[in-house]
Amino acid sequence: MVKICCIGAGYVGGPTMAVIALKCPKIEVVVVDIFEPRIIAWNSDQLPIYEPGLDDVVKQCRGKNLFFSKDVEKHVAEADIVFVSVNTPTKTQGLGAGKAADLTYWESAARMIADVSKSDKIVVEKSTVPVKTAEAIEKILTHNSKGINFQILSNPEFLAEGTAIQDLFKPDRVLIGGRETPEGQKAIQALKDVYAHWVPAERIICTNLWSAELSKLAANAFLAQRISSVNAMSALCEATGADVSQVSHAIGKDTRIGPKFLNASVGFGGSCFQKDILNLVYICECNGLTEVANYWKQVVRVNEYQKTRFVNRVVSSMFNTVSGKKIAILGFAFKKDTGDTRETPAIGVCQGLLGDKAILSIYDPQVPQEQIQRDLSMHKSELDKPPHLRPVSPIAIEQVTCVRDAYEATKGAHGICVLTEWDEFKTLDYQKIYNDMQKPAFVFDGRNVMDVDKLRQIGFIVYSIGKPLDAWLKDMPAVA
(Lines give C-alpha, C1' and ligand atoms only; values in the text may rest on other atoms or scores of the structure.)
Protein backbone atom coordinates (compact mmCIF):
# COMPACT_ATOMS: atom_id res chain seq x y z
CA MET A 1 0.00 0.00 0.00
CA VAL A 2 1.50 3.31 -1.14
CA LYS A 3 1.38 6.05 1.47
CA ILE A 4 0.98 9.68 0.47
CA CYS A 5 1.43 12.63 2.80
CA CYS A 6 0.63 16.22 1.88
CA ILE A 7 2.13 19.10 3.87
CA GLY A 8 -0.39 21.95 3.80
CA ALA A 9 -4.16 21.63 4.24
CA GLY A 10 -5.20 24.69 2.23
CA TYR A 11 -7.06 25.33 -1.03
CA VAL A 12 -4.73 23.08 -3.03
CA GLY A 13 -3.66 20.36 -0.61
CA GLY A 14 -7.07 19.54 0.85
CA PRO A 15 -9.15 19.10 -2.34
CA THR A 16 -6.32 17.45 -4.33
CA MET A 17 -5.64 14.82 -1.68
CA ALA A 18 -9.36 14.20 -1.14
CA VAL A 19 -9.80 13.38 -4.83
CA ILE A 20 -6.67 11.18 -4.90
CA ALA A 21 -8.07 9.27 -1.90
CA LEU A 22 -11.45 8.90 -3.62
CA LYS A 23 -9.98 7.67 -6.90
CA CYS A 24 -7.27 5.47 -5.32
CA PRO A 25 -8.94 3.51 -2.48
CA LYS A 26 -5.81 1.38 -1.96
CA ILE A 27 -3.60 4.40 -1.29
CA GLU A 28 -3.51 5.89 2.21
CA VAL A 29 -3.57 9.68 2.05
CA VAL A 30 -2.78 11.90 5.04
CA VAL A 31 -2.99 15.70 4.93
CA VAL A 32 -0.92 17.40 7.64
CA ASP A 33 -0.75 21.00 8.84
CA ILE A 34 0.78 22.66 11.88
CA PHE A 35 -2.27 24.96 12.22
CA GLU A 36 -4.49 22.87 14.50
CA PRO A 37 -7.81 24.75 13.98
CA ARG A 38 -7.56 24.00 10.26
CA ILE A 39 -7.08 20.26 10.90
CA ILE A 40 -9.98 20.28 13.38
CA ALA A 41 -12.15 21.88 10.68
CA TRP A 42 -11.15 19.26 8.08
CA ASN A 43 -12.23 16.57 10.56
CA SER A 44 -15.59 18.28 11.22
CA ASP A 45 -18.82 18.83 9.29
CA GLN A 46 -17.79 22.45 8.60
CA LEU A 47 -14.78 22.25 6.25
CA PRO A 48 -12.33 25.19 6.37
CA ILE A 49 -12.85 26.03 2.68
CA TYR A 50 -15.93 26.28 0.50
CA GLU A 51 -15.73 24.43 -2.79
CA PRO A 52 -18.74 22.89 -4.60
CA GLY A 53 -18.62 19.09 -4.34
CA LEU A 54 -15.77 18.98 -1.82
CA ASP A 55 -17.98 17.98 1.14
CA ASP A 56 -19.19 14.84 -0.60
CA VAL A 57 -15.71 13.73 -1.59
CA VAL A 58 -14.28 14.23 1.90
CA LYS A 59 -17.19 12.45 3.61
CA GLN A 60 -16.83 9.43 1.32
CA CYS A 61 -13.14 8.91 2.16
CA ARG A 62 -12.44 10.46 5.57
CA GLY A 63 -11.56 7.83 8.14
CA LYS A 64 -11.11 5.15 5.45
CA ASN A 65 -8.05 6.10 3.42
CA LEU A 66 -8.12 9.89 3.90
CA PHE A 67 -6.90 11.40 7.16
CA PHE A 68 -6.17 14.91 8.45
CA SER A 69 -3.56 15.29 11.17
CA LYS A 70 -1.35 17.82 12.93
CA ASP A 71 1.28 15.15 13.58
CA VAL A 72 3.39 16.34 10.67
CA GLU A 73 6.68 14.56 11.33
CA LYS A 74 5.16 11.13 11.99
CA HIS A 75 3.23 11.02 8.72
CA VAL A 76 6.04 12.52 6.63
CA ALA A 77 8.39 9.85 7.99
CA GLU A 78 5.95 7.07 7.06
CA ALA A 79 5.11 8.33 3.54
CA ASP A 80 6.47 7.09 0.20
CA ILE A 81 5.40 10.24 -1.64
CA VAL A 82 5.36 13.65 0.07
CA PHE A 83 3.46 16.50 -1.57
CA VAL A 84 4.46 19.99 -0.42
CA SER A 85 1.61 22.47 -0.74
CA VAL A 86 2.65 25.37 1.48
CA ASN A 87 2.21 29.09 0.89
CA THR A 88 4.75 30.85 -1.33
CA PRO A 89 3.76 34.53 -0.98
CA THR A 90 5.54 37.46 -2.62
CA LYS A 91 8.46 38.74 -0.52
CA THR A 92 7.69 41.96 1.32
CA GLN A 93 11.25 42.90 2.25
CA GLY A 94 14.84 42.12 1.38
CA LEU A 95 16.21 40.97 -1.98
CA GLY A 96 13.43 40.78 -4.58
CA ALA A 97 10.84 42.46 -2.32
CA GLY A 98 7.53 42.99 -4.09
CA LYS A 99 8.30 40.46 -6.83
CA ALA A 100 10.23 37.36 -5.76
CA ALA A 101 8.47 34.41 -4.13
CA ASP A 102 9.14 33.93 -0.42
CA LEU A 103 10.27 30.32 -0.05
CA THR A 104 10.65 30.42 3.75
CA TYR A 105 7.87 27.88 4.36
CA TRP A 106 9.03 25.66 1.50
CA GLU A 107 12.60 25.56 2.81
CA SER A 108 11.54 24.76 6.37
CA ALA A 109 9.35 21.94 5.01
CA ALA A 110 12.28 20.54 3.02
CA ARG A 111 14.58 20.63 6.04
CA MET A 112 11.95 18.89 8.14
CA ILE A 113 11.48 16.17 5.48
CA ALA A 114 15.24 15.54 5.44
CA ASP A 115 15.36 15.51 9.22
CA VAL A 116 12.59 12.95 9.87
CA SER A 117 12.95 10.63 6.86
CA LYS A 118 14.15 7.11 7.46
CA SER A 119 13.38 5.74 3.98
CA ASP A 120 13.67 6.88 0.34
CA LYS A 121 11.04 9.39 -0.72
CA ILE A 122 9.59 11.16 -3.72
CA VAL A 123 9.07 14.85 -2.84
CA VAL A 124 6.50 16.61 -5.03
CA GLU A 125 6.28 20.37 -5.49
CA LYS A 126 2.58 21.22 -5.49
CA SER A 127 2.90 24.88 -4.49
CA THR A 128 3.56 27.37 -7.28
CA VAL A 129 7.29 28.00 -7.09
CA PRO A 130 9.90 29.90 -9.10
CA VAL A 131 11.83 28.07 -11.80
CA LYS A 132 14.87 26.26 -10.32
CA THR A 133 13.26 25.90 -6.86
CA ALA A 134 13.50 22.13 -7.26
CA GLU A 135 17.25 22.46 -7.62
CA ALA A 136 17.49 24.41 -4.35
CA ILE A 137 15.22 21.94 -2.52
CA GLU A 138 17.22 19.06 -3.95
CA LYS A 139 20.41 20.56 -2.50
CA ILE A 140 18.84 20.94 0.95
CA LEU A 141 17.58 17.35 0.92
CA THR A 142 20.83 15.91 -0.47
CA HIS A 143 23.07 17.74 2.01
CA ASN A 144 20.92 16.54 4.90
CA SER A 145 20.03 13.12 3.54
CA LYS A 146 21.96 10.77 5.89
CA GLY A 147 22.19 8.29 3.01
CA ILE A 148 18.50 8.46 2.07
CA ASN A 149 17.60 9.02 -1.58
CA PHE A 150 15.19 11.79 -2.49
CA GLN A 151 13.69 12.40 -5.93
CA ILE A 152 12.13 15.81 -6.58
CA LEU A 153 9.15 16.15 -8.89
CA SER A 154 7.23 19.22 -10.00
CA ASN A 155 3.48 18.59 -10.25
CA PRO A 156 1.86 22.05 -10.48
CA GLU A 157 -1.87 22.41 -9.92
CA PHE A 158 -4.11 23.99 -12.54
CA LEU A 159 -7.27 24.29 -10.47
CA ALA A 160 -9.81 27.07 -10.73
CA GLU A 161 -11.54 27.85 -7.45
CA GLY A 162 -15.26 27.25 -7.68
CA THR A 163 -14.70 24.33 -10.08
CA ALA A 164 -11.71 22.67 -8.37
CA ILE A 165 -13.37 19.29 -7.80
CA GLN A 166 -14.48 19.01 -11.42
CA ASP A 167 -11.02 20.18 -12.53
CA LEU A 168 -9.52 17.35 -10.47
CA PHE A 169 -12.01 14.76 -11.74
CA LYS A 170 -11.50 15.72 -15.39
CA PRO A 171 -8.25 17.68 -15.75
CA ASP A 172 -7.22 19.22 -19.08
CA ARG A 173 -3.77 17.89 -18.28
CA VAL A 174 -1.67 16.61 -15.40
CA LEU A 175 1.89 17.88 -15.61
CA ILE A 176 4.77 15.98 -14.00
CA GLY A 177 8.33 17.24 -14.26
CA GLY A 178 11.36 15.31 -13.05
CA ARG A 179 15.05 14.67 -13.57
CA GLU A 180 16.07 13.06 -16.86
CA THR A 181 17.92 10.29 -15.02
CA PRO A 182 16.83 6.65 -14.51
CA GLU A 183 15.91 7.48 -10.88
CA GLY A 184 14.06 10.62 -11.97
CA GLN A 185 12.11 8.74 -14.63
CA LYS A 186 11.22 6.03 -12.13
CA ALA A 187 9.84 8.70 -9.74
CA ILE A 188 7.82 10.26 -12.58
CA GLN A 189 6.35 6.85 -13.35
CA ALA A 190 5.40 6.29 -9.69
CA LEU A 191 3.40 9.55 -9.60
CA LYS A 192 1.99 8.87 -13.07
CA ASP A 193 0.67 5.53 -11.76
CA VAL A 194 -1.27 7.38 -9.04
CA TYR A 195 -3.00 9.72 -11.51
CA ALA A 196 -3.55 6.89 -14.02
CA HIS A 197 -6.28 5.54 -11.71
CA TRP A 198 -8.64 8.07 -13.32
CA VAL A 199 -6.76 10.34 -15.74
CA PRO A 200 -6.33 9.11 -19.36
CA ALA A 201 -2.67 8.48 -20.24
CA GLU A 202 -2.69 11.07 -23.06
CA ARG A 203 -3.57 13.79 -20.52
CA ILE A 204 -0.56 13.10 -18.31
CA ILE A 205 2.33 15.17 -19.65
CA CYS A 206 5.88 14.41 -18.51
CA THR A 207 8.61 17.04 -18.85
CA ASN A 208 11.88 18.07 -17.24
CA LEU A 209 11.72 19.89 -13.91
CA TRP A 210 12.28 23.38 -15.25
CA SER A 211 9.62 23.11 -17.97
CA ALA A 212 7.03 21.97 -15.42
CA GLU A 213 7.86 24.80 -13.01
CA LEU A 214 7.79 27.46 -15.75
CA SER A 215 4.60 26.07 -17.35
CA LYS A 216 2.62 26.89 -14.21
CA LEU A 217 3.82 30.50 -14.10
CA ALA A 218 3.29 30.85 -17.85
CA ALA A 219 -0.27 29.45 -17.71
CA ASN A 220 -1.34 31.92 -15.03
CA ALA A 221 0.42 34.81 -16.79
CA PHE A 222 -1.37 34.03 -20.07
CA LEU A 223 -4.78 33.83 -18.38
CA ALA A 224 -4.24 37.08 -16.47
CA GLN A 225 -3.00 38.72 -19.65
CA ARG A 226 -6.32 37.93 -21.38
CA ILE A 227 -8.25 39.54 -18.52
CA SER A 228 -6.07 42.66 -18.58
CA SER A 229 -6.38 42.81 -22.37
CA VAL A 230 -10.19 42.83 -22.31
CA ASN A 231 -10.20 45.25 -19.34
CA ALA A 232 -7.97 47.62 -21.30
CA MET A 233 -10.48 47.41 -24.16
CA SER A 234 -13.32 48.14 -21.71
CA ALA A 235 -11.84 51.57 -20.96
CA LEU A 236 -11.67 52.32 -24.68
CA CYS A 237 -15.24 51.05 -25.16
CA GLU A 238 -16.55 53.49 -22.56
CA ALA A 239 -14.69 56.35 -24.24
CA THR A 240 -16.02 55.51 -27.72
CA GLY A 241 -19.54 54.20 -27.02
CA ALA A 242 -18.69 50.61 -27.97
CA ASP A 243 -19.99 47.67 -25.90
CA VAL A 244 -17.21 45.46 -24.52
CA SER A 245 -19.53 42.43 -24.36
CA GLN A 246 -20.20 42.70 -28.09
CA VAL A 247 -16.50 43.21 -28.82
CA SER A 248 -15.59 40.18 -26.66
CA HIS A 249 -18.22 38.06 -28.38
CA ALA A 250 -16.96 39.07 -31.82
CA ILE A 251 -13.28 38.37 -31.14
CA GLY A 252 -14.08 35.20 -29.15
CA LYS A 253 -15.67 33.71 -32.28
CA ASP A 254 -12.19 33.59 -33.80
CA THR A 255 -11.15 30.00 -33.09
CA ARG A 256 -7.54 31.13 -32.65
CA ILE A 257 -8.63 33.30 -29.71
CA GLY A 258 -11.68 31.51 -28.26
CA PRO A 259 -14.29 32.90 -25.85
CA LYS A 260 -12.83 32.10 -22.41
CA PHE A 261 -11.42 34.72 -20.04
CA LEU A 262 -12.82 37.58 -22.15
CA ASN A 263 -15.32 38.97 -19.61
CA ALA A 264 -14.50 42.55 -18.65
CA SER A 265 -14.62 43.17 -14.92
CA VAL A 266 -13.29 45.25 -12.06
CA GLY A 267 -10.11 43.14 -12.20
CA PHE A 268 -8.68 39.70 -11.55
CA GLY A 269 -7.97 38.31 -8.09
CA GLY A 270 -7.13 35.04 -6.41
CA SER A 271 -3.98 33.76 -4.81
CA CYS A 272 -2.01 33.05 -7.98
CA PHE A 273 -2.30 35.47 -10.87
CA GLN A 274 -0.59 38.57 -9.47
CA LYS A 275 1.88 36.59 -7.36
CA ASP A 276 2.93 34.40 -10.29
CA ILE A 277 3.30 37.29 -12.73
CA LEU A 278 5.46 39.24 -10.26
CA ASN A 279 7.50 36.09 -9.79
CA LEU A 280 7.89 35.78 -13.57
CA VAL A 281 8.94 39.45 -13.73
CA TYR A 282 11.61 38.85 -11.09
CA ILE A 283 12.98 35.77 -12.87
CA CYS A 284 13.14 37.75 -16.14
CA GLU A 285 14.96 40.63 -14.43
CA CYS A 286 17.42 38.24 -12.77
CA ASN A 287 18.22 36.82 -16.22
CA GLY A 288 18.71 40.26 -17.78
CA LEU A 289 15.45 40.14 -19.76
CA THR A 290 14.26 43.68 -18.99
CA GLU A 291 11.90 44.03 -21.97
CA VAL A 292 10.21 40.72 -21.17
CA ALA A 293 9.87 41.74 -17.51
CA ASN A 294 8.29 45.07 -18.48
CA TYR A 295 5.82 43.33 -20.77
CA TRP A 296 4.47 41.14 -17.94
CA LYS A 297 4.55 44.02 -15.43
CA GLN A 298 2.03 45.84 -17.58
CA VAL A 299 -0.53 43.04 -17.06
CA VAL A 300 -0.51 43.79 -13.31
CA ARG A 301 -0.52 47.56 -13.88
CA VAL A 302 -3.65 47.37 -16.05
CA ASN A 303 -5.34 45.31 -13.32
CA GLU A 304 -4.55 48.00 -10.73
CA TYR A 305 -5.67 50.70 -13.17
CA GLN A 306 -9.03 48.97 -13.64
CA LYS A 307 -9.75 48.98 -9.90
CA THR A 308 -8.74 52.64 -9.58
CA ARG A 309 -10.87 53.53 -12.61
CA PHE A 310 -13.88 51.82 -11.04
CA VAL A 311 -13.49 53.73 -7.75
CA ASN A 312 -13.05 57.01 -9.64
CA ARG A 313 -16.21 56.29 -11.61
CA VAL A 314 -18.20 55.67 -8.40
CA VAL A 315 -16.97 58.87 -6.75
CA SER A 316 -17.29 61.12 -9.82
CA SER A 317 -20.82 59.86 -10.57
CA MET A 318 -22.04 60.70 -7.07
CA PHE A 319 -21.30 64.44 -7.25
CA ASN A 320 -17.56 63.84 -6.80
CA THR A 321 -17.86 62.73 -3.18
CA VAL A 322 -18.96 59.66 -1.26
CA SER A 323 -18.07 61.11 2.13
CA GLY A 324 -20.63 59.97 4.71
CA LYS A 325 -22.66 58.11 2.06
CA LYS A 326 -23.68 54.50 2.55
CA ILE A 327 -22.43 52.28 -0.30
CA ALA A 328 -23.63 48.67 -0.49
CA ILE A 329 -20.93 46.19 -1.51
CA LEU A 330 -22.43 43.03 -3.01
CA GLY A 331 -19.79 40.33 -3.07
CA PHE A 332 -16.33 40.28 -1.53
CA ALA A 333 -14.84 36.95 -2.71
CA PHE A 334 -12.61 37.23 -5.79
CA LYS A 335 -15.09 35.12 -7.81
CA LYS A 336 -18.37 33.27 -7.26
CA ASP A 337 -18.59 29.79 -5.71
CA THR A 338 -15.66 30.33 -3.37
CA GLY A 339 -15.06 32.03 -0.03
CA ASP A 340 -11.50 32.97 -1.00
CA THR A 341 -10.66 36.66 -0.72
CA ARG A 342 -6.96 36.57 -1.56
CA GLU A 343 -6.13 39.50 -3.89
CA THR A 344 -9.85 40.07 -4.46
CA PRO A 345 -10.51 43.34 -6.35
CA ALA A 346 -13.08 44.11 -3.64
CA ILE A 347 -10.25 44.97 -1.23
CA GLY A 348 -8.83 47.67 -3.51
CA VAL A 349 -12.27 49.07 -4.33
CA CYS A 350 -13.39 49.16 -0.68
CA GLN A 351 -10.14 50.78 0.43
CA GLY A 352 -10.49 53.38 -2.30
CA LEU A 353 -14.04 54.22 -1.18
CA LEU A 354 -13.01 54.26 2.48
CA GLY A 355 -10.24 56.69 1.51
CA ASP A 356 -13.01 59.04 0.35
CA LYS A 357 -14.82 58.47 3.69
CA ALA A 358 -17.66 56.31 2.39
CA ILE A 359 -19.67 54.11 4.80
CA LEU A 360 -19.66 50.52 3.53
CA SER A 361 -22.28 47.83 4.10
CA ILE A 362 -20.89 44.53 2.80
CA TYR A 363 -22.68 41.30 1.97
CA ASP A 364 -21.11 38.11 0.63
CA PRO A 365 -22.83 34.70 1.00
CA GLN A 366 -19.58 32.83 1.75
CA VAL A 367 -17.09 35.27 3.30
CA PRO A 368 -17.36 35.70 7.09
CA GLN A 369 -17.32 39.13 8.72
CA GLU A 370 -13.99 38.51 10.46
CA GLN A 371 -12.31 37.76 7.12
CA ILE A 372 -13.64 40.96 5.55
CA GLN A 373 -12.48 43.08 8.50
CA ARG A 374 -9.10 41.34 8.42
CA ASP A 375 -8.65 41.97 4.68
CA LEU A 376 -9.53 45.65 4.99
CA SER A 377 -7.55 46.40 8.15
CA MET A 378 -4.39 44.30 7.85
CA HIS A 379 -1.37 44.86 5.65
CA LYS A 380 -0.91 42.31 2.88
CA SER A 381 2.34 41.06 4.44
CA GLU A 382 0.34 40.07 7.55
CA LEU A 383 -2.34 38.33 5.46
CA ASP A 384 0.28 36.23 3.67
CA LYS A 385 1.49 34.71 6.93
CA PRO A 386 0.19 31.29 8.06
CA PRO A 387 -2.94 31.69 10.25
CA HIS A 388 -1.12 30.89 13.51
CA LEU A 389 1.35 33.76 12.92
CA ARG A 390 -1.26 36.44 12.17
CA PRO A 391 -2.63 38.90 14.77
CA VAL A 392 -5.37 37.16 16.75
CA SER A 393 -8.22 39.50 15.83
CA PRO A 394 -8.41 42.22 13.18
CA ILE A 395 -9.05 45.84 14.06
CA ALA A 396 -12.68 46.62 13.25
CA ILE A 397 -13.10 49.51 10.85
CA GLU A 398 -15.89 51.82 12.03
CA GLN A 399 -17.02 52.70 8.49
CA VAL A 400 -17.56 49.01 7.60
CA THR A 401 -20.47 46.79 8.58
CA CYS A 402 -21.01 43.24 7.34
CA VAL A 403 -24.63 42.14 6.95
CA ARG A 404 -26.58 38.91 6.39
CA ASP A 405 -28.37 39.66 3.14
CA ALA A 406 -28.39 41.98 0.15
CA TYR A 407 -31.58 43.80 1.20
CA GLU A 408 -30.05 44.84 4.51
CA ALA A 409 -26.88 45.95 2.74
CA THR A 410 -28.74 48.16 0.27
CA LYS A 411 -31.33 49.69 2.62
CA GLY A 412 -30.75 53.45 2.78
CA ALA A 413 -27.72 53.24 0.49
CA HIS A 414 -26.82 55.83 -2.13
CA GLY A 415 -25.18 53.30 -4.40
CA ILE A 416 -24.53 49.58 -4.96
CA CYS A 417 -21.22 48.10 -6.12
CA VAL A 418 -21.47 44.55 -7.48
CA LEU A 419 -17.98 43.10 -6.99
CA THR A 420 -18.57 39.32 -7.19
CA GLU A 421 -20.74 37.58 -9.80
CA TRP A 422 -22.80 35.49 -7.34
CA ASP A 423 -25.88 34.10 -9.14
CA GLU A 424 -28.21 35.31 -6.38
CA PHE A 425 -27.45 38.94 -7.25
CA LYS A 426 -29.14 38.48 -10.64
CA THR A 427 -32.48 37.49 -9.10
CA LEU A 428 -32.89 40.06 -6.31
CA ASP A 429 -36.05 42.20 -6.16
CA TYR A 430 -34.48 45.40 -7.46
CA GLN A 431 -37.76 47.33 -7.34
CA LYS A 432 -37.88 46.70 -3.57
CA ILE A 433 -34.20 47.64 -3.28
CA TYR A 434 -34.75 50.86 -5.27
CA ASN A 435 -37.68 51.87 -3.08
CA ASP A 436 -35.50 51.54 0.05
CA MET A 437 -32.51 53.49 -1.30
CA GLN A 438 -31.56 57.18 -1.32
CA LYS A 439 -32.25 58.95 -4.64
CA PRO A 440 -30.72 59.17 -7.14
CA ALA A 441 -29.92 55.47 -6.71
CA PHE A 442 -26.80 54.13 -8.41
CA VAL A 443 -25.69 50.64 -9.43
CA PHE A 444 -22.04 50.12 -10.36
CA ASP A 445 -21.76 46.69 -11.93
CA GLY A 446 -18.16 45.52 -11.61
CA ARG A 447 -18.93 42.10 -13.11
CA ASN A 448 -21.34 42.91 -15.95
CA VAL A 449 -23.97 40.51 -14.60
CA MET A 450 -26.88 42.93 -14.14
CA ASP A 451 -29.84 43.43 -16.47
CA VAL A 452 -29.00 47.06 -17.20
CA ASP A 453 -32.17 47.90 -19.18
CA LYS A 454 -34.43 46.53 -16.44
CA LEU A 455 -32.56 48.48 -13.75
CA ARG A 456 -32.83 51.71 -15.75
CA GLN A 457 -36.57 51.16 -16.22
CA ILE A 458 -36.91 50.93 -12.42
CA GLY A 459 -35.08 54.24 -12.07
CA PHE A 460 -31.46 53.32 -11.27
CA ILE A 461 -28.50 55.16 -12.76
CA VAL A 462 -26.33 52.26 -13.92
CA TYR A 463 -22.65 51.96 -14.74
CA SER A 464 -21.44 48.70 -16.30
CA ILE A 465 -17.77 48.24 -17.13
CA GLY A 466 -17.08 48.73 -20.83
CA LYS A 467 -20.73 49.47 -21.74
CA PRO A 468 -22.15 52.66 -23.31
CA LEU A 469 -22.46 55.23 -20.56
CA ASP A 470 -25.73 56.31 -18.96
CA ALA A 471 -26.63 59.89 -19.97
CA TRP A 472 -26.14 60.91 -16.32
CA LEU A 473 -22.56 59.60 -16.30
CA LYS A 474 -21.66 61.34 -19.55
CA ASP A 475 -22.32 64.72 -17.89
CA MET A 476 -20.05 63.90 -14.94
CA PRO A 477 -16.31 64.66 -14.84
CA ALA A 478 -14.20 62.44 -17.10
CA VAL A 479 -12.47 59.55 -15.43
CA ALA A 480 -8.81 58.94 -16.19
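Mentor: Since the model is predicted, local features need pLDDT of at least 70 and side-chain atom pairs count only at pLDDT 80 or more, while totals for chains, interfaces and linings use all residues. Residues are numbered from 1 along each chain as its sequence is written, and side-chain values use heavy atoms, with hydrogens and water left out.

Trainee: Why is Ser-85 called buried?

Mentor: Buried means under 20% relative accessible area, exposed over 50% and partly exposed in between (1.4 Å probe, protein chains only). Ser-85 has 12%, so it is buried.

Trainee: What makes the pair of Ser-85 and Gly-13 a polar contact?

Mentor: The term asks for N or O atoms within 3.5 Å; within protein, one must be able to donate a hydrogen and the other to accept it, and residues adjacent in sequence count only if both atoms are side-chain atoms. Here a polar side-chain atom of Ser-85 lies 3.4 Å from the backbone nitrogen of Gly-13.

Trainee: How do you know that the buried residues of H10 line one face?

Mentor: In H10 (residues 244-252), Val-244, Ser-248 and Gly-252 are buried. Down the axis they fall within an arc of 65 degrees, so they line one face; the arc is that of the directions from the helix axis to the C-beta atoms. On the other side, Gln-246, His-249 and Ala-250 are exposed.

Trainee: Which residues touch the most other members of the largest nonpolar core?

Mentor: Phe-310, Leu-353 and Leu-360, out of 40 residues. Such a core joins buried Ala, Val, Leu, Ile, Met, Phe, Trp, Tyr and Cys residues through side-chain atoms within 4.5 Å.

Methods
Helices (H or I, at least four residues) and strands (E, at least two) are DSSP runs, numbered from the N terminus.
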